[in-house]
Each structure stands twice: as C-alpha cells, then as structure tokens.
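Open the model in a viewer and keep the selection panel at hand. The stops below say what to select and what is there.

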Amino acid sequence: MAHAIDTAHDAHDAQPAAGIKRWLFATNHKDIGTMYLVFSLIMFFVGGSMAMVIRAELFEPGLQFVDPGFFNEMTTMHALVMIFGAVMPAFVGLANWMIPLQVGAPDMALPRMNNFSFWLLPFAFTLLLSTLFVPGGAPAGGWTMYPPLVLQFGDSFPMLIFAVHLMGVSSIMGAINVIVTILNMRAPGMTLLKMPLFVWTWLITAYLLIAVMPVLAGAVTMLLTDHFFHTSFFNAAGGGDPLMFEHIFWFFGHPEVYIMILPAFGIISEIIPTFSRKPLFGATSMIYATASIAFLSFIVWGHHMFVDGMPLSAEMFFMLSTMLIAVPTGVKVFNWTATMWRGSLSFEPPMLFALGFLFMFTIGGFSGVMLAMVPADFQYNQTYFVVAHFHYVLVPGAVFAIMGAVYYWIPKWTGHMYNMTLAKTHFWLSTIFVNVLFFPQHFLGLAGMPRRIPDYAVQFTDWNMVSSIGGFGFGLSQILFAIAIIQCVRGGRKASAMVWNDAAPTGLEWTIPSPAPYHSFTTAPEVH
Amino acid sequence: MAHTHAPNADHYYVPHSSPWPIYGSVTLFTVMAGAISTLNGWLPVWSLLPGFVMLAGLFIFWFGTVIEESEAGRYNMAVDRSFRMGMMWFIFSEVMFFAAFFGALFYARSLVMPWLSGEGTKMLTNVLLWGNYHGTWPTNGPAALGPRADGTYETVPALGLPALNTAILLTSGITITIAHHALLRGYRRRLAIFLAATFLLGFTFVVLQATEYHEAYTRLGLQLGTGIYGSTFFMLTGFHGLHVTVGAIMLVVIWVRVMKGHFTPERHFAFEAVAWYWHFVDVVWLGLFIFVYWL
C-alpha cells in the first residue's frame with residue numbers, strides 16, 4: 001500500500017502556513033518536532049540557571065546567596081524542569097522529526113493529537129514555574145514528591161499536581177502517536193527487524209511511557225485527595241502508608257529513567273556506525289538488549305528505597321534484579337565498541353558526542369552497580385554519590401546523546417552545515433567541565449556529604465569549589481551550543497542529501513534532499 | 001478551509017492545519033486553573049465553570065470535525081488502522097491508571113494491615129504508636145477515622161445493589177455485542193434498539209451507584225475520609241463510575257450517528273472504539289466487584 005498525503009495535489013498546501021498559524025495550528029511533524037526541540041532548549045537553559053543557583057550557593061560552606069527554603073525550591077524545580085521539560089521533550093522532538101523520515105511515512109499517524117501533545121507542555125510549565133511566585137513558594141520537597149512532606153506545601157501544591165497531570169497527558173499522547181506511527185506507517189518492505197535502531201528504541205520507550213505515566217497520574221491523584229479530600233492513602237492513622245507512595249512512585253520512576261536513556265541508546269547506535277563506516281555490530285542483539293532493559297525496568301523499583309524500610313527478601317530481590325540490568329547494558333556497550341573495531345573512524349561533532357557518551361555513560365553505569373548493592377547503598381544513600389551517579393547517566397549520557405543527535409541531523413533539518421570548529425569546541429569544553437563538575441561529587445558522596453542541603457561541613461569545601469567551577473564552565477559552554485544552532489538555522493554551507501558524504505550513512509532520511517522538503521515520502525519508498 | 005477532496009485509497013489523510021489542539025491545550029489549562037483556584041480558595045467554585053464549558057466545546061468541535069471528515073470519506077484503511085491502534089493503546093493507559101489504585105488497595109490490605117498490627121519487626125511500633133491495634137480488612141485504620149464519633153462504619157454488602165449493578169453491566173456487554181452483530185449484518189433497527197438499551201443500562205448503573213453513595217454517606221458512615229477502606233472504595237468506584245458516565249455519553253453519540261445513517265458494515269471505527277471502551281469499563285467493574293465489595 002502506498003502512503004501519500006491527501007493534500008498533496010493542492011499546490012498551496014505543500015507550503016507551510018504563514019505567520020504564527022503555522023505553529024499554533026500545526027499538523028506537520030517537522031514543525032511540531034521543531035517546536036519540541038526549541039521548547040526543550042529553552043527549558044534546558046531555565047533548568048540550567050537553577051543549577052547555577054545551586055552551585056553558587058554550594059561554592060563555599062555557610063549560607064551566601066539564597067535562603068535554605070529557596071535552595072530546596074531550586075533543587076526540586078531543577079529536577080522537574082530538566083526531566084519533564086528538557087530531556088523528555090527533546091527525545092519526542094527528535095522522534096517527531098526523524099521517525100517518519102526513517103520509516104518512510106508521510107507524517108506522524110495522528111497529526112492533530114501530535115500538536116495537542118506539544119502545546120500542553122508550555123501550559124504545564126507555565127503552571128509549574130509560576131509556583132515560584134505563589135505564597136509559600138515553589139515545591140521544595142524534591143521532585144519525587146514524597147508525602148507527608150509534599151502535603152505540607154502551600155498554594156503551590158495543587159499547581160504541582162496539575163502540572164504533572166498535564167505533562168503526563170502530553171507524554172501519553174505523544175507515546176501513542178509514536179507507537180502507531182511505527183507499527184502502522186512503515187514503508188513497504190520495512191520489516192520490524194529492518195527498522196533503524198533509533199526507531200526501535202523509541203518503540204520500546206513509547207511502550208514504557210504508556211505503561212507508567214498513568215501510574216504517576218494515579219500516585220499524584222492520591223496525593224491530591226489526601227491533601228484536600230481526607231483520604232488516607234499515605235496516612236498510617238487511617239490504615240494507609242507513606243511508604244506506599246514511594247512504591248507507586250518508583251514503579252513509575254524506574255521505567256522513567258529508561259525512558260530518558262533508551263532513545264539515547266538508539267541515537268548512539270545510529271551515529272557510531274556512520275562514523276565508523278561499518279554496520280552496527282550485533283544489531284538484532286541490540287534490539288533484544290533494549291527490550292530486556294525495558295522489561296527489567298519494571299521489577300527494580302525497590303532499589304530507590306533500600307533504606308526506607310523493606311523486608312530483607314525484597315531488598316535481595318531488588319538488588320539482584322537491578323544488577324541483572326548490567327548484562328543487556330553491557331551487551332550494548334560492547335556492541336558499540338565492536339562496531340568501531342577496525343572501522344575507519346572520523347571524529348565529526350556527532351561522533352565526538354557519541355564517544356563522550358560511551359565513556360561517561362559507562363562511568364554512570366558502574367556507579368549504578370555500586371549503588372545496587374544493598375549494604376553499600378546504606379552508606380551511599382542520600383549522599384552526593386547518588387547525585388554524581390545519576391548526573392553521569394543523564395548529562396554526559398542522555399544530554400550528550402541529544403546534542404550528538406542534533407549535530408548529526410540538523411543539516412538535514414536546516415539544509416546547512418554548522419560551524420564544525422564551534423561544535424567541536426562546544427564538545428571539548430562540555431566534556432572537560434562536565435567531569436570537573438560531577439566527578440568530585442563521587443568523592444564528596446563517599447566522604448558523606450548529604451544531598452539537597454544548602455550548607456556543608458568545611459572539609460567538603462575544596463571539592464565543592466571544584467565542582468562549582470565545573471558547573472559554571474559547563475553552563476557557559478552551552479551558549480556555544482545555542483550559537484551553533486542559531487547560525488545553522490540562519491545559513492551556512494549547503495548540506496548535501498547525504499550530509500556526511502564520505503561516511504555514506506544508511507537510512508531513508510538520507511535519501512531525501514536537505515533541507516527535508518515540507519512534505520516528505522508522500523509516496524512511500526520501497527525498502528529492500 | 002473548504003477543500004473538496006476525492007476519497008483516495010492511496011492517500012493517508014493529513015489535515016493541513018487545525019485549531020483544535022491549541023484550543024484543547026488552552027481548555028485543559030483553564031480547567032486546571034479553575035481547579036487550583038477552587039482548591040486554594042482563591043476563587044469560589046464557579047471558577048471551574050469556564051473550563052468545563054470549553055471542554056464540552058472541545059469535544060463537540062474536534063470530534064465534529066473528525067466525524068465530518070470520516071463521512072466525507074477522507075480516511076482510507078491505513079488511517080482507520082491508526083485510529084484503532086490509537087484507541088487500543090489509550091485503553092492500555094487507562095488499565096495502568098486503574099492498576100495504580102488496585103495496587104494501592106492490595107498493598108494496603110496485604111502489607112499495611114499486618115505491619116500496623118505489629119507483624120514481624122513491627123511489634124514495638126504497634127504497641128507504642130498504635131495502641132495494640134489489630135487490623136482486619138475492611139479497616140479505617142488505627143485511629144478509626146471517619147464521620148462517626150465512635151469510629152464505626154458499615155460497608156456496602158456485595159449482594160445488594162453491587163450485585164444488581166454487576167448484572168446490569170454484564171447485560172450491557174451482551175446488548176452492545178448484539179448491536180455490533182446487527183451492524184455487521186446491516187440490521188439497522190436492531191442496531192439502534194440494542195445500542196439504546198446499552199446506554200440506558202449504563203445510565204441506570206450510574207443512578208444506582210449514586211444511590212449507593214448517598215446511602216454510604218448518610219447512613220453507613222462510609223465516606224472518602226473513612227480511613228483506607230473509604231479511600232480505596234470511593235476512589236476506585238468513583239473513577240470507574242466516571243468512566244461509565246463518559247462511556248455512556250459516548251454511546252449516546254454513537255446512537256445519534258446511527259440514527260443519522262452513519263457507519264457501514266465495513267467501516268465503523270467509532271462504534272468499535274466505544275464498544276472496546278465499554279468492555280474495558282465492564283472488566284474493571286468485575287475487578288471492583290470481586291476485590292472491593294465481595295472479598
């Protein structure tokens with residue numbers, strides 16, 4: 001069956017609508033993908049400035065710039081903004097742009113719902129960020145919203161709950177769209193095992209999203225009714241249990257972690273083969289590894305709450321199931337390495353970011369295995385070691401993959417090459433500073449510095465200063481990223497259809513011109 | 001934009017622009033702003049009204065557009081398949097939403113009860129904090145929360161209204177199946193009658209459920225605030241009742257479309273989507289009947 005779009009014969013429909021209507025009333029996957037990516041970049045800077053406040057306060061012991069309450073608001077909001085505002089929308093934006101191009105579809109399967117999922121986000125974040133200005137201030141109990149602390153917030157409480165609801169609705173609709181596009185809109189001949197890895201990882205990610213975002217919605221709804229309607233879900237006096245929130249939350253929360261990393265795996269699996277000039281080593285095993293990680297993500301949530309009170313048998317189960325995840329993850333890391341083995345490597349910016357990912361994500365993975373051990377976790381829990389761990393997997397992990405993806409595909413989007421020197425400078429500064437920023441936090445954590453506290457004992461001063469300098473450096477380096485993108489949108493050397501000519505990347509997205517025409521694959525390509 | 005498109009089986013329909021998504025986002029924001037204002041006491045309860053009026057408009061306008069496009073023959077089989085898959089995954093997300101509340105119910109029953117009662121290592125907590133509380137399900141907790149001063153309450157017996165409601169919902173599952181078969185064979189009259197029977201059974205269920213709630217609140221001392229039993233009871237049956245109401249309204253819309261001559265034996269996605277939704281609501285009720293009322 002050939003796909004083509006109904007409007008293709010109307011000449012004026014082949015062009016985008018004029019002015020703001022193009023964006024407000026959008027149905028085109030490229031326009032919507034662009035909006036997601038721009039939104040994500042803005043949120044990256046908003047969340048980043050909160051991190052700068054945190055690092056400024058922690059530069060020296062004692063209280064310098066902000067009061068402890070505001071410091072707690074910053075840690076909480078930084079997490080919520082970065083997770084739901086920066087990382088997740090960036091992946092959805094990439095999915096919007098690339099999945100139809102990679103499977104040979106004319107657009108996403110449900111174009112109007114696509115725009116609905118995007119436009120919920122600016123409203124959700126308006127709601128969330130405006131909590132900074134209401135009586136009682138923004139949520140300050142951590143992004144995990146544990147009761148009973150979260151129930152004691154002021155006017156921000158229902159705003160937080162409803163903002164999370166809006167984000168959840170947006171994510172679920174976005175995920176349904178991705179799954180349906182992948183399952184229903186593939187070009188003839190594109191069997192499931194022929195799909196690019198980015199498409200595969202997103203298929204599995206979308207499944208995780210649909211499975212766990214409603215559980216988060218349920219959990220925060222219980223918080224809402226406990227606060228306003230006298231229910232006792234998390235109140236032991238009424239037969240409930242505050243610990244139950246942690247179980248429900250982390251049943252969402254752990255798959256959520258993989259929601260933020262599986263698409264990154266897909267991106268790395270696209271970039272490394274291209275710049276190694278070799279097909280991906282063990283492509284099918286990559287798919288099975290991704291699916292195994294997704295399955296395991298549902299049965300490991302307890303490792304987030306080892307010290308919170310659990311039967312010993314449960315602790316053992318969660319410890320062992322968590323360690324099992326190292327196996328499929330190891331498969332991936334070895335496959336990427338094997339792909340480069342005897343390849344003809346070149347080091348364009350996307351490849352640099354992919355290599356940075358490979359090394360530094362693995363560091364984060366190793367510290368994850370350390371944290372998985374129950375007795376060791378009793379020591380590490382609630383220290384900066386945990387902060388170092390998840391920032392290693394999220395920043396030089398997920399965020400580096402996103403940046404690599406942007407540098408890999410942006411010539412396809414804009415039709416221009418970007419300034420390679422600028423991009424490489426961005427990579428090297430980011431890589432140096434991200435390690436200066438997060439590596440010392442391992443030492444601080446092992447030495448016992450607690451997280452989420454604005455002040456600390458004097459012996460932690462040196463490494464905190466180093467970490468803060470890394471933080472400011474990393475933050476400033478991201479301005480180069482914005483400049484590179486803006487320059488690339490406005491002009492630059494023309495990109496060819498294949499963009500990375502001497503690497504000869506494979507995939508349908510490289511068969512269409514750069515920039516990709518407003519409507520692509522209106523007639524489905526044949527895949528052999 | 002008024003275009004006349006010839007139905008084309010090869011063309012996947014992509015609307016060129018639509019105001020409803022952004023209108024929908026503004027609507028949901030307005031609903032939530034109203035809810036926040038009410039809960040925080042910034043504005044009286046009428047602040048919910050604009051959002052809900054806009055919400056009704058959203059469904060009428062957006063679904064109206066889709067129905068028009070569908071009747072104009074814009075959707076080929078590929079679009080139809082997208083809609084079907086979309087609906088299935090939506091129902092899966094609903095299943096997971098209910099799973100969170102069922103999870104809370106099972107957790108409270110099989111873990112919190114014994115722990116609060118001092119099982120295992122929890123003996124001292126039980127003695128020092130909860131005064132030798134011995135929990136059995138159903139419970140309103142060690143503090144015996146609830147509206148009555150003596151902390152007592154009664155539960156709704158499974159064999160009264162709930163059993164009748166079970167029979168009603170199961171019957172409605174049969175009537176909608178008969179309606180579906182009638183649609184497939186082109187028996188329009190039978191289709192209309194059994195569809196109407198289905199939503200009438202649905203609304204009857206909702207009315208009986210409301211009666212039961214009234215009874216619980218006024219005579220049984222069973223309220224949202226009656227400890228964990230009241231919480232799980234009202235949240236589970238409440239969200240279910242909301243879904244039945246929405247499903248019944250969807251059935252009415254489908255019925256009106258049937259009366260207007262919509263749907264053919266080959267093409268009737270909307271009918272099937274609502275039927276799936278109805279069966280989903282039915283299955284959730286069986287879980288509720290067994291685990292909330294009966295056991």
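The tour goes from confidence to chain B, then to the interface, and ends in chain A.

**Conventions and confidence**

This is a predicted model, in which local features need pLDDT of at least 70 and side-chain atom pairs count only at pLDDT 80 or more, while totals for chains, interfaces and linings use all residues. Residues are numbered from 1 along each chain as its sequence is written, and chains are lettered from A and ligands numbered from 1 in the order in which they are written.

Colour by pLDDT, the predictor's confidence in each residue, from 0 to 100. Chain A has a mean of 95, with 97% of its residues at 70 or more. Select residues 1-12 of chain A: pLDDT there is below 50, and beyond near neighbours in sequence the stretch has 37 contacts in the model. Two residues are in contact if their C-beta atoms, placed from the backbone, lie within 7 Å. The mean pLDDT of chain B is 94, and 97% of its residues reach 70 or more. In residues 1-7 of chain B the value stays under 50, and the model has six contacts for them beyond four places in sequence. For the complex, the predictor gives an ipTM of 0.95 and a pTM of 0.95.

**Chain B**

The chain has eight helices and zero strands; helices (H or I, at least four residues) and strands (E, at least two) are DSSP runs, numbered from the N terminus.

Next, colour 17-74 and 78-294 separately: these are domain 1 and domain 2 of chain B in the domain assignment, whose bounds come from an automatic or database source. Their centres, taken over C-alpha atoms, are separated by 25 Å.

Within chain B, select Trp137 and Pro138. A cis peptide bond joins B:Trp137 and B:Pro138, with omega about 0 degrees. B:Pro138 lies in the loop between helix H4 (123-130) and helix H5 (161-185) of chain B.

**The interface**

Bring chain A back. Here 59 residues of chain B are in contact with 61 residues of chain A. On the chain B side, the elements that give two or more residues are helix H1 (20-39), helix H3 (77-116) and helix H7 (227-259). H3(B) gives the most, with 20 residues.

**Chain A**

Select helix H3 (residues 68-103) of chain A. Its 36 residues reach 50 Å from first C-alpha to last, close to the 52 Å expected at 1.5 Å a residue; the expected span is 1.5 Å times one less than the number of residues. Where does H3(A) bend? The bend, about 35 degrees, is at A:Met82, taken as the angle between axes fitted to the seven residues ending there and the seven starting there. In H3(A), 32 of the 36 residues are buried, so the helix is largely enclosed by the rest of the structure. A residue is buried if 20 or more other C-beta atoms, placed from the backbone, lie within 10 Å of its own, exposed if 12 or fewer, and partly exposed in between. After H3(A) comes A:Gly104, with a positive phi near 75 degrees.

Now go to A:Pro148, in the loop between helix H4 (111-130) and helix H5 (156-184) of chain A. The peptide bond from A:Pro147 to A:Pro148 is cis, with omega near 0 degrees.

Finish at A:Arg277, in the loop between helix H8 (262-276) and helix H9 (283-296) of chain A. A:Arg277 is not a glycine, although its phi is positive, about 55 degrees. With 15 other C-beta atoms within 10 Å, A:Arg277 is partly exposed.
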